[in-house]
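Welcome! Here is a short briefing to read alongside the model.

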Amino acid sequence: MTVTARAVKEIEGLTDKIQSLAKRRGFVFASSEIYGGAGSTWDFGPLGVELKNNIKRSWWRAMVQVRGDIVGLDGAILMHPKVWEASGHVENFVDPLVECRSCRHRFRIDDLPKGDALMEAWRANTLDVSGTACPNCGERKLADPRKFNLMFKTFVGPVEDTASVAWLRPETAQAVYVNFDNVQQAVRRRLPFGIAQIGKAFRNEITPGNFIFRSREFEQMEMQYFCRPNDAPRLFEEWKEERMRWHRSLGVPAERLRFREHAEDERAHYAARAVDIEFEFPFGWKELEGIHDRTDFDLRRHAEFSGKKLEYFDDLTQERFVPYIVETAVGADRTTYEVLCAAYDEEPDKDGIRTVLRLHPSLAPYKVAVLPLSKNERLSPLAREVHASLRAGFMTVYDETQAIGRRYRRQDEIGTPLCVTVDFDSLEDRAVTIRERDSMAQVRVPIAELVDRVQERLAEV
Ligand code: GAP
């Protein structure tokens, strides 16, 4: 086996293990699985919904709660169709698509061999794919590329005609731009200030894949920061650093994160500058988040298309102008995958391999598992009492099936930071054992102090 082939096998092995754990333990299921799946859409199971909610809470806390300058919004998915004309999506939100005339497979150009060079040629209008072999069947029969709009089209009301066309939003951002004036009137913020939003977005991706990395329905966490034009370059730099700090705060190692600046011909139609935060997934460095300097593009376009002024009036200087926008845009699903990949670990132990999800405690689906030493009618009442005392303060789980060693392993595998074991001594001394996931260290704690001690230990990690 060549080194490259071995590396590919290891990568496939690791991504398979993470995906298999995600399914087996209830993090992520293929949508409509019993019907064979629904084309790259995913359902988050009991543990996945906890993990993703914890990520969204962490984002909201960092972007809204602890700042005085950002407020929230929850915009509708269906918007007036003119929104997407003004935003440029009807015209520009396209991928170049090629189809193989032999096997009928379709590809994005950047998914073909030498994709970066082909994309460059496409942008320069000099693309020729006649010499490129189809990655699926190997034939050199790729048709000329055509533009494919990534927005899902639907119809509002009972008649399916051009007047009733609507689009499923491909980004949450537009609800913020069209509500700029409403929010400004309602909360009267001085510049700079931001509007943050978490919500679903839809893109008819030609080649979705890599599990939840690129899907057709996903959630975005976006923030648009309105500012004076002169302040935009400085704020862009500040937001880059701030967003990188947030990814590290999730427990992701610094060496697996990096910035990548977009070249001029690569930037989206709205961006004067764009930097990605990338994460080293098992399948390579990939975009997690985009930070964009969108200038006054969006507000000007919406003012032009709607006929409504979207301006800021500074009552101190008596200036009236269109603010610039620095945007931070990250996927909640992609961040969930980032966190799963960063946390997944295997280590040898006496029974073979111990699989551990080293999730940051604030993200772990369950913070504490309560485990009676064995399923025994003398232990159960006290164990249930201990569980009840923890439940109000923490996401907990109770498990009394199988041997205690196997139950510890099950909790390690889903990232539960602490296990509390109730044993026969507990009946006498009213104390329990706290076992820590990463070090597997154990300490004995009086039940009367348990809630405080659990709190302390979760905060320590
Ligand atoms: N408003 C700007 C905007 O939407 P983007 O770079 O197209 O920018 C932002 O998207 C983030 O949304 C990406 O960095 C990624 O995390 C997430 N995202 C985009 N397309 C996705 C897809 N098909 N599946 C999962 N996440 C996606």
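In this predicted model, a polar side-chain atom of Gln220 lies 3.0 Å from an oxygen atom of the ligand. Let's begin with the ligand and its surroundings, then move on to the aromatic rings.

**Contacts with the ligand**
- Glu287 also brings a polar side-chain atom to an oxygen atom of the ligand, at 2.6 Å.
- Leu288 takes part through its backbone: a polar atom there is 2.7 Å from a ligand oxygen.
- On its own, the ligand has 560 Å² of accessible area, and the protein covers 93% of that.

**The shell around the ligand**
- The ligand is surrounded by 22 residues, and the closest are Glu171, Ser215, Glu222, Glu287 and Leu288.
- Sorted by class, this shell holds ten charged, seven nonpolar and five polar residues.
- Strands S10 (217-227), S13 (284-293) and S16 (324-331) each supply at least two residues of the shell.
- Which strand gives the largest share of the shell? That is S13, with five residues.

**Aromatic pairs**
- The count comes to 14 aromatic pairs.
- Phe281 and Phe283 form a stacked pair, 5.0 Å centre to centre with 15° between the planes, and both residues are buried.
- Tyr312 and Phe321 form an edge-to-face pair, with 5.7 Å between centres and 65° between planes; Tyr312 and Phe321 are buried too.
- Ring pairs join Trp42, Phe211, Phe213, Phe279, Phe281, Phe283 and Tyr337 into a cluster.

**Charges over rings**
- Lys52 places its charged end over the ring of Phe44, 4.2 Å from the ring's centre.
- Arg435 lies over the face of Tyr408, 4.4 Å from the ring centre.

Notes:
Residues are numbered from 1 along each chain as its sequence is written. This is a predicted model: local features need pLDDT of at least 70, side-chain atom pairs count only at pLDDT 80 or more; totals for chains, interfaces and linings use all residues. Side-chain values use heavy atoms; hydrogens and water are left out. A residue is near a molecule or strand if one of its heavy atoms lies within 4 Å of it. A polar contact is a pair of N or O atoms within 3.5 Å; within protein, one must be able to donate a hydrogen and the other to accept it, and residues adjacent in sequence count only if both atoms are side-chain atoms. Accessible areas come from the Shrake-Rupley method with a 1.4 Å probe; for residues, only the protein chains shown count as cover. Helices (H or I, at least four residues) and strands (E, at least two) are DSSP runs, numbered from the N terminus. Ala, Val, Leu, Ile, Met, Phe, Trp, Tyr, Cys and Pro count as nonpolar, Asp, Glu, Lys and Arg as charged, and the others, Gly among them, as polar. Rings of Phe, Tyr and Trp (its six-membered ring) pair if their centres lie within 6.5 Å; planes under 30 degrees apart count as stacked, over 60 as edge-to-face and the rest as tilted. Buried means under 20% relative accessible area, exposed over 50%, partly exposed in between (1.4 Å probe, protein chains only). A charge sits over a ring if NZ of Lys or CZ of Arg is within 6 Å of the ring centre and within 35 degrees of the ring normal.
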